[in-house]
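This briefing accompanies the sequence and three-dimensional structure shown below. Please keep both in view while reading the points that follow.

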Amino acid sequence: MAAPEVHHLFHHPIADHSFSADRQTLAIARDTQVELYGRVGNAFKLKDELKGHDKLVTSVDIAPNTGRIVTCSQDRNALVWEPSPTGYKPTLVLLRISRAATFVRWSPSEAKFAVGSGDRVIAICYFEEENDWWVSKHLKKPIRSTITSVAWHPNSVLLAAGSTDAHARVFSAFIKGTDQRPEPSPWGERLPFNTVCGEFLNNSAGWVHAVAFSPSGDALAYAAHDSSITVVYPSAPEQPPKAVISINTQLLPFMSLFWNGETEIIAAGYDCEAFRFQGGEQGWQLAGTLEKAKAGRPGLGGEDREESALNMFKQMDLKGKVSNDDTKLKTVHQNTVTMLRPFEESGGRVTKFSSSGVDGRVVIWHT
Amino acid sequence: MSIIQQHTQATLSDAWRTINIDALTEDSPVNFDVSTLHPPLPEISEADARAINGQVRQLLRGGDAEGALRGCLEMPVYNGSEAAKETHLHTVIEVLQSIKASEMTPMLQRIYGQQGGSECLDVLMKYLYKGMGATSSSSAADGSGRATPARAMTPQATGFSQVGQRPMAANESTGSAMSVLLSWHEKVVEVAGLGCIGRVMTDFRRV
């Protein structure tokens, strides 16, 4: 396993990050703007800033094929940034929400996107040709609280959403005229807009931080604030699921997760490092960390400080004790990891993934 | 002062910021019973709690401390009267105090390794915190030297109850009860990790 590639961009939290399809451009949500970094050799250099929001940008997503960037912010707006020869041109989306927009993701078809919000709705946005305008339809029932994250099913119709009312839900976000009628799946056969295909709660009912469908779309995983991961296998429409497996861990809660094939989930959060879970319908278990034991942590630098007598007395003088800089964590990320995304895939497996966090680092890992 | 100016001042006041707009929205969480989000929990009466107490004591007398501990952790009183909850807290603390310090960690590891063990230790952690709350909020202890969650057990209504409740002996036994809880807390965190504390804070099921 090769060493992770660390990019320390700045000393400021990163709310979300997204790579373009060719992996040469990296979009970072920083404060009220989105920064675009271009790859120059081994590093990423700032090349453009997208300014249009006037409150914290909470989420950013680049559509791999069209290259469009969608951003959403606490100013209750979402913007679609269209690439053009003279730079990115923003278009405002009519979200019709009265609270912050918290999370945005393009559907795999790239014809629409979902915006989660603090207004207890998910806005499903699509382009209306005749008006030349992005409009939205609201998924409302039975959401009782803020939406923290959303994830699309591979068929671009089903949408999973995690919420602070402790539920992970699966909705139909079928838009007539935009979507093809989906193939029947264990989640449902007829799927008009706002069909609730599943509603799941784990034992201790903590806030749900992250949701993800498995690559086939036939399983759903979510991470909650009770340091657990729950995997749901649906059986048939309107039937109770085949299996609901909850793994309570000894760790701090996870903020983000993704599937690596059907039998592995990688999750990271307040422990500042990524963990691997393995299993299937019969059961899941924590298989360990992706952090390497000790060696090969580039990017931290200056660690092998000389243990000279001078240094020791210096430490004693400064801090009253001899310490090896105990303000530095043993992990690559020095603060909470807030977002994980697959970076490179081959043969149905994720071979590399990227993570970003509160410490202003973007790290590319090998699985 | 003209009317216009007064009007402007009224408009400029920031009293509107204190209006709870959630109360005006029909389907906001303020106007919604949050408890309906969870499945209902079975109700346990005080008599049931006493029955569990009896069974657990029997196990303790038989020398099966682990069985006693598991027994009371598998039947937490989530939904019940205050008295039933206090009785059960009592049962748990009784078991905890009867287990030797050297047996704590191996016993916790065995419980954690079993089916549903993580859940059991979460429940134990809830009772540890509840016990700490009860012993620190009042310094009463009953004759047998056990820590007594005093609110239910000392129902005297004298105006000077606090004075009466603070002889030196009681203070000492509260201290010892607290130290038992603290050493259990340390051991549980060692076995079940920080996630266990997080779950206690997150969980909607309160003991």
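Helices H3(B) and H4(B) cross each other in a left-handed sense. The model is predicted, and its scores are ipTM 0.83 and pTM 0.85.

- Helix H3 of chain B covers residues 46-61, and helix H4 of chain B covers residues 65-74.
- The two helices pack at an angle of about 165°, and their axes lie 7 Å apart.
- Angles over 145 degrees count as roughly antiparallel, and H3(B) and H4(B) are therefore roughly antiparallel to each other.
- On the H3(B) side, the contact is made by B:Ile52, B:Gln55, B:Val56, B:Leu59 and B:Leu60.
- On the H4(B) side, the contributing residues are B:Ala65, B:Gly67, B:Ala68, B:Gly71 and B:Cys72.
- Sorted by class, this contact has seven nonpolar residues, three polar residues and no charged residues.

**A sheet in chain A**

- Four strands of chain A form an open sheet in the order E14-E15-E16-E17, with antiparallel pairing.
- Strand E14 (147-152) and strand E17 (196-201) of chain A stand at the edges; each has a single partner strand, so one side of each is left without a neighbour in the sheet.
- From one strand to the next, the twist averages 15°.
- Strands of a sheet pair through backbone hydrogen bonds, either parallel or antiparallel.
- Strand E15 (residues 158-163) and strand E16 (residues 167-172) of chain A are joined in the antiparallel sense over five bridges.
- A:Ala161 stands opposite A:Arg169 in E16(A).

**Contact between the chains**

- In chain A, 17 residues are in contact with 15 residues of chain B.
- The side of chain A that touches chain B comprises six nonpolar, eight polar and three charged residues.

**Confidence in chain B**

- Chain B has a mean pLDDT of 80, and 76% of its residues reach 70 or more.
- Within chain B, confidence is highest in helix H6 (residues 101-113), at a mean of 94.
- Confidence in chain B is lowest in helix H8 (residues 150-153), where the mean is 42.
- Over residues 139-167 of chain B, pLDDT stays under 50, and the model has 44 contacts beyond four places in sequence for these residues.
- Where pLDDT is low, the predicted coordinates should not be read in detail.

Technical notes:
Residues numbered from 1 in each chain as written. Chains lettered and ligands numbered in written order. Predicted model: local features only at pLDDT ≥ 70, side-chain atom pairs only at ≥ 80, totals over all residues. Axes fitted to C-alpha atoms, helices over the stretch in contact; angles between N-to-C directions. Parallel < 35°, antiparallel > 145°, perpendicular 65-115°, else oblique. Left-handed = near helix turned anticlockwise from the far one by under 90°. Contact = placed C-beta atoms within 7 Å. Nonpolar A, V, L, I, M, F, W, Y, C, P; charged D, E, K, R; others polar. pLDDT = per-residue confidence, 0-100. Pairing = 2+ DSSP bridges.
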